[in-house]
Amino acid sequence: MTSPLVEPFPQVGPLMMHAYANLARVEQAKNLDDVRDLGPLDLLPRPWDVTTCRDAALRREVWDWLDAVVDWINTQHVWETGSLILGCWSQHPHLVHEISCLADQRRRAAAGVNSEWLEDWHRYGLPQFLTRMQSRTRGMCEDGHKDPPGAARVTRYRSAAARDARKALFQQDVQNATGTNRSPA
């Protein structure tokens, strides 16, 4: 039963539990043969990095959990409105990356046998995240989601002309540094 004063941290679902169990096996393995049945270890899903969750059901579970964690942080830890995690957090890749990691750290901290990790999360993890978020978003989405101010620069950076110019510069540097005149593969 939930107390009217405090709510528990959102629990991960069964697919995330399975992913975390596999990662725990890898962490505790004495040698690679002990975990060979898991397949390539670099392909194991890591819920703190949603991009590694290639299974659709697992990825959906991670998104739902992150959404619940954001609501929990906003209702259980934030008092000042300027510190609330933006409602459009999922449209800000930098926030998705950070919230995923913050949520995973909080989940791990709660599993500790004493309060040390949880105290660190309260003292360092959460406040530093909130400060970074405020600094990076600067109230931009107070009245609804807005495109990032740097969108035009990113578009220019990703253009074919800019990409080709960088590659040519890189190739020239390689040739100058190594004394080779080979063209790139």
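A residue is called buried when its relative accessible area is under 20%, exposed when that area is over 50%, and partly exposed in between, with a 1.4 Å probe and protein chains only. By this definition Cys88, which has a relative accessible area of 9%, is buried. The model is predicted, and for that reason local features need pLDDT of at least 70 and side-chain atom pairs count only at pLDDT 80 or more, whereas totals for chains, interfaces and linings use all residues. Residues are numbered from 1 along each chain as its sequence is written, and side-chain values use heavy atoms, with hydrogens and water left out.

The cysteines deserve attention next. A disulfide is a covalent bond between the sulfur atoms of two cysteines. Here the term is applied to a pair of cysteine sulfur atoms within 2.5 Å. How many disulfides does a search of the whole structure find? The search finds zero. Cys53 takes part in no disulfide, and the nearest cysteine sulfur, that of Cys101, is 14 Å away. Cys53 is also buried, since its relative accessibility is 0%. For Cys88, the closest cysteine sulfur belongs to Cys141 and lies 3.6 Å away, which is too far for a bond.

The loops may be considered now. Helices (H or I, at least four residues) and strands (E, at least two) are DSSP runs, numbered from the N terminus. Val50 is located in the loop between helix H1 (14-28) and H2, and Thr52 is found in the loop between H1 and H2 as well. Val50 is buried because its relative accessibility is 6%, and Thr52 is buried because its relative accessible area is 14%. A contact means heavy atoms within 4.5 Å. Neighbours within four places in sequence aside, Val50 is in contact with Arg59, Val62, Trp63 and Val96. Thr52, with residues up to four places away again not counted, touches Leu44, Pro45 and Arg46. Val50 and Val12 are 38 residues apart in sequence, and their C-alpha atoms are 14 Å apart in space.

Ser83 belongs to the loop between helix H2 (56-76) and helix H3 (93-110). Is Ser83 buried or exposed? Ser83 is buried, because its relative accessible area is 14%. Not counting residues up to four places away in sequence, Ser83 touches Val78, Leu130, Met133 and Gln134. The side chains of Ser83 and Gln134 are also joined by a polar contact of 2.9 Å. A polar contact is a pair of N or O atoms within 3.5 Å; within protein, one must be able to donate a hydrogen and the other to accept it, and residues adjacent in sequence count only if both atoms are side-chain atoms.

The packing of helices comes last. Two packed helices are described by the angle between their axes and the distance between the axes. Axes are lines fitted to C-alpha atoms, for helices over the stretch in contact, and angles run from 0 to 180 degrees between N-to-C directions. H3 packs with helix H4 (residues 116-137) at an angle of about 170°, and their axes are 10 Å apart. H3 is therefore roughly antiparallel to H4. Angles under 35 degrees count as roughly parallel, over 145 as roughly antiparallel, 65 to 115 as roughly perpendicular and the rest as oblique.
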